[in-house]
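Subject: The two-chain model, with some notes

Hi,

Here is the structure I promised to pass on to you. Have a look at it first, and then read on for what I found in it.

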Amino acid sequence: MTIVFSLFLLTLLVVTAVAIVRTSDLFAAVMLSGIFSLMLAATFFLFDAPDVALTEAAVGAGISTVLLLGALSLTAASEHASSRNRVLALFVVITTTLTVIYATFDKPAFGDPAAPIHQHVAPWYFDTTREAIDIPNVVTAVLASFRGYDTLGEVFVVFTAGIGVLFLLGSPGNKPRKSSADARGLRHYLIPRMVGRMLIPFILLFALYVQFHGDFSPGGGFQAGAIFAAAMILYSLLEGEKRALAAVPSAWLHAMIAAGALIYGGVGVVTMLLGGNFLDYSVLSQDPIAGQHLGIILIEAGVGITVAGVLLSVYHAFAARDSS
Amino acid sequence: MNAGTLLDIASWLLMSAGGVFILVGGIGALRLPDLYTRMHAAGVTDSIAPALILGGLMLQSGLTLATVKLVAILLFLLLTGPTASNALASASLLAGNRTELAKPYSEEDDR
């Protein structure tokens, strides 16, 4: 049954991808890419990867769609027709596709227990997580502790991307554009506003749950940061930029971008000062396992703060641009 | 027939009814003539259909934490779905889309 369902989803993914390429209406393309991400999230979930599914749903289907719509409001609504180099592009795409398909013949079958990925470090991660870290969600253990360097790198990628966008678009400061309808948001639409007012506290609470329950269930800093940013973007859409910036000023957002990355790196420096290796959390407490727990919570908090800060700053930077 | 079988049948009925409503909504969204009637059909798929399907799932999971989560999801969907429909309809009205079906009455229609 699962295989039927995943085949169905994968077919729909291909159909959606073709539709995204074919449409010249950019608004429709953005919406289709949101649908694509949502179906991809369902596919990941079917493949028993709920952590990745949650990330894809929050970032791919949620925030990216909003940011693309924000970018779209600054550009034209339809794609320019371009007929240059079509043959070359077709050649490159077909060659790449054939190469990838040829390469899949060498791959082990889906779910094959003898596949190299299940024989290499994965069993070691599972065993060592039980002994040395003792949290139920092995994904969080791998992400935050075993591969802490990789995640530190990812946080700095997000950090750099945020700074890049702020340099390109300019930070809005605390002054939303004047005399524009957008600055007031949807405040004269009663129903969305009231429903938003009811839901936003719960979305923020859910973000905190995803953040701090990441040791036990799917979730963690990346997902929680995206959900937090989504709640604040909803607030900003409903109540207007001005009130959103009054609730969380730009300066705070900039501080958050830096603070999250600093917390992460700072934990690494502290572990070094305490005599361990960089990002070896065991030395943070008398009990190595408690130290691991503390370190994972701290660096996940750093990840969440940076991601939320970057996403909100980028959103405000888009929203502050005049579309004229 | 014991209580478990009855519960299974009840949840099966609820989920099938939900599936039928989703099918009807999908057909309506494809076949109906203009945006507002299509939204009317699509609205079925995010109000009554998830209520029935989640109700069936709640019967399956019994009095557990899973049911509490399903209730939370149901409340969220019942709040957001109609709100999204409402926002879409007002946006479409603001953009100047008028329904084809409700033209104002004019003398010329009678001739």
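Before the helix pairs, a word on how they are described: an axis is a line fitted to C-alpha atoms, for helices over the stretch in contact, and angles run from 0 to 180 degrees between N-to-C directions. Please keep in mind that this is a predicted model.

Let me start with a pair inside chain A. Helix H3 (residues 50–72) and helix H10 (residues 221–239) of chain A have axes that come within 9 Å and cross at roughly 35°. The crossing of H3(A) past H10(A) is left-handed. On the H3(A) side you will find A:Leu54, A:Thr55, A:Ala58, A:Val59, A:Gly62, A:Ile63 and A:Val66, and these meet A:Phe222, A:Gln223, A:Ala226, A:Ile227, A:Ala229, A:Ala230 and A:Ile233 of H10(A). Sorted by class, this contact has 11 nonpolar and 3 polar residues, with no charged ones.

Also in helix H3 of chain A is A:Gly70. Is A:Gly70 buried, partly exposed or exposed? A residue needs 20 or more C-beta neighbours within 10 Å to be buried and 12 or fewer to be exposed; A:Gly70 has 19 inside 10 Å, so it counts as partly exposed. Apart from neighbours within four places in sequence, A:Gly70 is in contact with A:Tyr315, A:Phe318 and A:Ala319. By contrast, 120 residues along the chain from A:Gly70 is A:Leu190, and the C-alpha atoms of these two are separated by 23 Å.

Now for chain A as a whole. Its 13 helices come with 0 strands, and its C-alpha trace spans about 60 × 50 × 35 Å along the principal axes. Of its 324 residues, 32% count as buried. Among contacts in chain A with a separation of 6 or more, 71% are accounted for by residues 24 or more positions apart.

Chain B has 5 helices and 0 strands. Of the 111 residues in chain B, 11% count as buried. Residues 24 or more positions apart make up 65% of the chain B contacts that have a separation of 6 or more.

With 30 residues at 1.5 Å a residue, H4 of chain B should span 44 Å, and because its end C-alpha atoms are 43 Å apart, the two values agree. After H4(B) comes B:Gly96, which has a positive phi, near 95°.

Where do the chains meet? In total, 5 residues of chain B are in contact with 6 residues of chain A. The chain B side of this meeting has 2 nonpolar and 3 polar residues and no charged ones.

One helix pair here brings the two chains together: helix H9 of chain A (residues 190–212) packs with H4(B) at an angle of about 155°, the axes being 9 Å apart. Angles over 145 degrees count as roughly antiparallel, so H9(A) is roughly antiparallel to H4(B). H9(A) passes H4(B) in a left-handed crossing. From H9(A), the contact is made by A:Ile191, A:Pro192, A:Val195, A:Met198 and A:Leu199, and from H4(B) by B:Leu79, B:Thr83, B:Asn86 and B:Ala87. These residues divide into 7 nonpolar and 2 polar, again with no charged ones.

Best wishes

Conventions
Residues numbered from 1 in each chain as written. Chains lettered and ligands numbered in written order. Predicted model: local features only at pLDDT ≥ 70, side-chain atom pairs only at ≥ 80, totals over all residues. Contact = placed C-beta atoms within 7 Å. Nonpolar A, V, L, I, M, F, W, Y, C, P; charged D, E, K, R; others polar. Helix = DSSP H or I, 4+ residues; strand = E, 2+ residues; numbered from the N terminus. Expected span 1.5 Å × (residues − 1). Left-handed = near helix turned anticlockwise from the far one by under 90°. Parallel < 35°, antiparallel > 145°, perpendicular 65-115°, else oblique.
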